[in-house]
Amino acid sequence: MNPDLTSILGNFYVLTLIKLALVAFVLLTALAYLQWIERKVIAHIQLRVGPTRVGPHGLLQPLADTIKLLTKEDLIPAHVNKFFYMLAPMMAVFFALSAIAVIPFGPKINIFGIETYMQLTDLNIGLLYLLALSGMGVYGIALAGWSSNNKYSLIGGLRSSAQMISYELPLALSIASPLLLAGSLSLREIAESQAGFMLGFIPRWSIFQMPAPQIIAFVLFMIAGFAETNRVPFDLPEAENELVAGFHTEYSSMKFASFFMAEYANMVTLCSVATLLFLGGWHPLVPPPAAGFIPPLLLWAAGAMLIFHGLQPARKWDKYTMPAFGAVFLLAGFAFLIPVLQPVLQPLFWFVSKVGILLFFFIWVRATLPRFRYDQLMRFAWAVMFPVSVVHLFATALLVALLK
Amino acid sequence: MSEQTSADEQAALPQEEQSAGKRRTMTLNMGPQHPSTHGVLRIVVDLDGEVIRKAVADIGFLHTGIEKQCEVRTWQQVVPLTDRVDYLANLSNNLAYCLAVEKLLGMEIPRHAQWMRVMLTELTRINSHLVWLGTHALDIGAMTMFFYCFRERENILRLFEMFSGQRMMTSYFRIGGLALEAPRGWQHAVGKFIRAFPDSIEQYENLLNANPIWMERTKGIAVMTLDEMLNLGVTGPMIRAAGLAWDIRKDEPYSAYDEFDFQVPTRTESDVYARFQVRMDELRESTKIVIQAMEGMPEGDFQAEAPGIVLPEREAMKTQMEAMIYHFKIISEGFRVPPGEAYVAVESPRGELGYYVVSDGATNPYRVFMRTPSFGNLIALGPMLQDKLIADSIAALGSMDFVLGDTDR
């Protein structure tokens, strides 16, 4: 490549801007489609089919929803506290999106002679930054509840403040143990410390590692994460059947969508952090030679299945859409064989699929579990989660000190 | 809370309460448009934080004046109105009204029609309980249950459609029997549904009983003593969950219920979970009754032999003078019912459903009064929600299983 161009692209600011644009684009699209996936998955669990009208399999539904929400009248009720009412959704979405800045998606890569990390910024206190942002995220909801001047919103806002503050404790404590194992606060270094295999086949992910089974920390982290993101069974702030819509009762159009987006962005961040801390980040599940074959084989299998279904169309359009999607999957599988792309695609594949599985778990739980009651939820946080996470942290710390 | 609302409330409070430094409560209007009030019920709750200090049910938003409308219809024309009272248990309402008028007329209903009535009201009970289970679980947050219950309910609605041509407002019972002969192949259709149904009940119980969150949300919630319930006139599954085996089907058998073998499920805990268990057991008992009715269905007429009250057959109407006259008279003027009054109570899915019918000898009722179970049960709302959490109020409301049409008439 032209050395001038390389030096321009290698410039820190230019490179960061390019990465920023890329991450922002991919993330926002992914958020929109996460909603589509959630609707589809829940629909199928509930014997329905979900969105089917806009585009093949309702694939353009997120787009239609976005256009609808953007063009809706931006209603501000007369009785709200305008300043905080406007500020709240901005805060929610700002803190949710900025958390993604420190999430690494892969290791150091070398494209066209430019060395860079697959990460917006490698903050050496990345974990603390994330905790701080999730703490600030409460303000969005609490302010929305308070400024709406609506009794349902107020109760929703109060519930969420209490809930998120209580669950921050077990969340932080469960994060601390993989941190002790890795000896670093940088998310990239924590993930890198989990490379390699024990006994040749067990990945050295935190979740499989001794001392003190880290799976406990993982479970605690996920439960606290459900509470942090206000998802079922901890969706009390917006408990539809009790509080109508909770803290966002008075919000409409894009301001409502902002809360929605913040919730989904928080979910993605949380699943990414869980992957990085406990599931080995972008490191494959199986040792190297096999690990290289798994992604293309999986994609080819998916593509073949789609083409097979396309040959026996269940609906009119399946004849065209299914093989088209199948071809995309087949091509994506071949992309994994191109040597230049391999160092980028391989880690990305493992990272995205782990995050995807965790997100699916979030959706699955939403379709299955009833909702906690407010006092039960608080009791669960302080009487179960907190002691367990403290004991687990002490055990891990002790064993780390003894063994290392 | 904003300054404005709190100022309003302060003004509303009596002077001495303000000065006494009492904890101020927040008045929250739940409904009439609220996802969990199942229709247009308004509950005014005084909240101290999340705790309900006082709850008052404000009913009447669905008042349709059905009782008054009954007075200007002929006796037979009232039947479709009774459908609209409790729209989830329409056949129970049909039955209660028909039994009351038949009591006034002193009619004898053929056994086949009686058994048919039993079978269909039991299907109605299953239908109603399925709607209750789905919405109750939905309120507590188990959203998927709703769809599973409605899948089964769809099958029952198809059966109703097969019998009467309507899914919900069936109006299938008539004074003197049934509206139509049972359709061909009904035994196969009912059998197919009812034999598969016990498995579905198992599934629902597994989904909810194995769930610690469900147990925590329902056990020990909204407890009410039996004495209190008796004082307030609570009936149906709610009172059976408090330990009283009061079921009109057993205690004052009507139609042909004394010929069927079934149990009256009871519990003693009197909480939301006990009510849930009682209704689940009732689903099983109803299944048993439907199977018995289906297998032992006696042969016979679907209508009583009562010229002048029951419409003549189409064939007879075209060939016989008397039949033609009766047909004309019934359709145009209606039939006359001897003066008197009758009260008949049946066990609707929600409790004791009574119809008090007064006749002055005319072709229309002088007065029709409905003693509806939802109204009686809803009175228990206030005492039940006292000092409970908002979330519990939702579980309690669900466990009452009221229908607002039934409450307001």
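The model is predicted: local features need pLDDT of at least 70, side-chain atom pairs count only at pLDDT 80 or more, and totals for chains, interfaces and linings use all residues. Residues are numbered from 1 along each chain as its sequence is written, chains are lettered from A and ligands numbered from 1 in the order in which they are written, and side-chain values use heavy atoms, with hydrogens and water left out.

Start with confidence. The model scores ipTM 0.77 and pTM 0.83. pLDDT is the predictor's confidence in each residue, from 0 to 100. Chain B averages 84, and 94% of its residues score at least 70. Residues 1-20 of chain B stay under 50. For that stretch the model has 19 contacts (heavy atoms within 4.5 Å) beyond four places in sequence.

Now chain A. Helices (H or I, at least four residues) and strands (E, at least two) are DSSP runs, numbered from the N terminus. Axes are lines fitted to C-alpha atoms, for helices over the stretch in contact, and angles run from 0 to 180 degrees between N-to-C directions. Helix α2(A) spans residues 12-45 and α13(A) spans 342-368; their axes come within 10 Å and cross at roughly 45°. α2(A) is therefore oblique to α13(A). Oblique is what remains once angles under 35 degrees count as roughly parallel, over 145 as roughly antiparallel, and 65 to 115 as roughly perpendicular. From α2(A), Val41(A) and Ile45(A) are among the residues in this contact; α13(A) brings residues including Phe360(A) and Trp364(A). The contact residues divide into 10 nonpolar, no polar and 2 charged. Ala, Val, Leu, Ile, Met, Phe, Trp, Tyr, Cys and Pro count as nonpolar, Asp, Glu, Lys and Arg as charged, and the others, Gly among them, as polar.

α2(A) also meets α10(A), residues 253-278. Their axes come within 10 Å and cross at roughly 95°. So α2(A) is roughly perpendicular to α10(A). Leu31(A) and Gln35(A) are among the α2(A) residues here, and Tyr264(A) is one of those from α10(A). This contact has 10 nonpolar, 1 polar and 1 charged residue.

Turn to chain B. An open sheet of 3 strands runs β6-β7-β8, with antiparallel pairing. Two strands pair if DSSP finds at least two bridges between them. The edge strands are β6(B) (340-348) and β8(B) (367-371). Neighbouring strands are turned by 15° on average, direction ignored. β6(B) and β7(B) (351-359) share 9 bridges. Gly340(B) stands opposite Ser359(B). Helix α5(B), residues 90-105, packs on the sheet and touches β6(B), β7(B) and β8(B).
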